[in-house]
Amino acid sequence: MSNPHPDPVGTSHSGMIISTLELELTGRCALQCVHCYADSGPAGTPGTMINDDWISVIDQGVALGIPQIQFNDPGSP
Ligand code: SF4
């Protein structure tokens, strides 16, 4: 797949500049911080995403020219 954005920063369809695609792989975390931005905790789950969904999201990020992908794994503060 060719990158339609040769510049080092991706641009969304609405024109927003995107530098990083952050993927929350699971909601499971050993801690239960009251300030948690992801509402994670010991009862958290990976959600409904399957491998093909993650691959599709990554492909879409690449197509937008987003230069960096960060895989977030709650529970490792
Ligand atoms: S460690 Fe991070 S992911 Fe886990 S509950 Fe606290 S803020 Fe949420």
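**Figure 1. Overall arrangement of the predicted chain.** The chain contains 1 helix and 4 strands, and these elements, read along the sequence, follow the pattern β-β-β-α-β.

Figure 2. S19 is placed in the loop that runs between strand β2 (17-18) and strand β3 (20-24). Because S19 has 10 C-beta neighbours inside 10 Å, S19 counts as exposed. The C-alpha atom of S19 is separated by 6.5 Å from the C-alpha atom of Q68, although the two residues are 49 residues apart along the chain.

**Figure 3. Close-up of helix α1 and its length.** Helix α1 is formed by residues 51-64, 14 residues in total, and from its first C-alpha to its last it reaches 20 Å, which is close to the 20 Å expected at 1.5 Å a residue. The helix α1 is hardly covered, since the count of buried residues among its 14 residues is 0.

**Figure 4. Close-up of the residue that follows helix α1.** The residue shown after α1 is G65, and the phi of G65 is positive, with a value near 85°.

Terms used: Residues numbered from 1 in each chain as written. Predicted model: local features only at pLDDT ≥ 70, side-chain atom pairs only at ≥ 80, totals over all residues. Helix = DSSP H or I, 4+ residues; strand = E, 2+ residues; numbered from the N terminus. Buried ≥ 20, exposed ≤ 12 C-beta atoms within 10 Å, placed from the backbone. Expected span 1.5 Å × (residues − 1).
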